[in-house]
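Open the model in your viewer and keep the selection tool ready. This tour goes stop by stop.

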Amino acid sequence: LNAIQQDLSQINSSLTSTQQLILKVENLLKQTETTIERKEGEISNLEKQLELERHILKSLIQELYFAGDVVLAGVMLNENDLFCFLRGSDGLFSTQEKMQEVIREINDVRAKVAGEKLSLEDVKTDQAELLTIKNKQKQALVSEKIETQDDLEEHQATVSELQSKLNELKS
């Protein structure tokens, strides 16, 4: 009888720790999903920023192209115009280089964030699998608890019946 009660106590303890672990895993899973959503938002924002930077770069290249058409006609006649144009072109080229660097940086950050997102999705999958395993363990423990409680009740009934018969024999 004591052994069954100890088994039941052990099962209850295991069940409690399993339920606590399930709650922790569920919380981790929610945090991971939130982080994945945040990373997806970051990727979306980076893509928007990249598109804007590309648009600006396209505009700069168009300006440079159109500025190049004007050079031959009027700029050669005046030394100051030529100097201003070259200085402006250098500024545009410098801006273009800066824009290309920004685009490279954005692409690098986007790749990094996408990699982090993939890692988080792997973690999420692992956590979901762990949650499934722990839920199965919980169900097994609940079944074992019910079975042990039934055994305990059966033993208690038997002891009670034997005590009743013993009391009858004594009388």
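A salt bridge here is a side-chain nitrogen of Lys or Arg within 4 Å of a carboxyl oxygen of Asp or Glu. Side chains of opposite charge can pair when their charged atoms come close. Before selecting anything, note that this is a predicted model, where local features need pLDDT of at least 70, side-chain atom pairs count only at pLDDT 80 or more, and totals for chains, interfaces and linings use all residues. Residues are numbered from 1 along each chain as its sequence is written, and side-chain values use heavy atoms, with hydrogens and water left out.

**Stop 1: the whole chain**

Show the chain as a cartoon. There are two helices and zero strands. Helices (H or I, at least four residues) and strands (E, at least two) are DSSP runs, numbered from the N terminus. Helix H1 covers residues 2-74, and helix H2 covers residues 79-170.

Now show the surface. Accessible areas come from the Shrake-Rupley method with a 1.4 Å probe; for residues, only the protein chains shown count as cover. Of the 171 residues, 21% are buried. Buried means under 20% relative accessible area, exposed means over 50%, and partly exposed lies in between (1.4 Å probe, protein chains only).

Next, think about contacts, meaning heavy atoms within 4.5 Å. Among contacts with a separation of 6 or more, 93% join residues 24 or more positions apart.

**Stop 2: the salt-bridge network**

The structure holds ten salt bridges. Select Arg38, Lys39, Glu42, Lys112 and Glu116. Salt bridges link these residues in a network.

Zoom in on Lys39. Is Lys39 buried or exposed? With a relative accessible area of 12%, Lys39 is buried. One partner is Glu116, at 2.4 Å from N to O. This pair links distant parts of the chain: Lys39 sits in helix H1 and Glu116 in helix H2, 77 residues apart. Glu116 is partly exposed, because its relative accessibility is 26%.

Lys39 also meets Glu42 in a salt bridge, at 4.0 Å from N to O. Both lie in helix H1, three residues apart, so about one helical turn separates them. Glu42 has a relative accessible area of 28% and is partly exposed.

**Stop 3: another bridge**

Select Glu40 and Lys117. Their closest N and O atoms are 3.3 Å apart, in a salt bridge. Glu40 belongs to helix H1 and Lys117 to helix H2, so the pair ties together parts 77 residues apart in sequence. At 37% relative accessibility, Glu40 is partly exposed.

**Stop 4: Ser143**

Select Ser143, in helix H2. Its 46% relative accessibility makes Ser143 partly exposed.

**Stop 5: the negative patch**

Finish with Asp7, Glu144, Glu147, Asp150, Asp151, Glu153 and Glu154, which form a negative surface patch. Which helix gives the most to the negative patch? Helix H2 does, with six residues.

Pick out Glu153, in helix H2. Glu153 counts as exposed because its relative accessibility is 51%.

Patches are made of residues with over 30% relative accessible area and no salt bridge; like charges are joined within 9 Å, and nonpolar side chains (Val, Leu, Ile, Met, Phe, Trp, Tyr) within 5 Å. Lys and Arg count as positive and Asp and Glu as negative, while His and the chain ends are not counted. The place of a charge is NZ of Lys, CZ of Arg, CG of Asp or CD of Glu.
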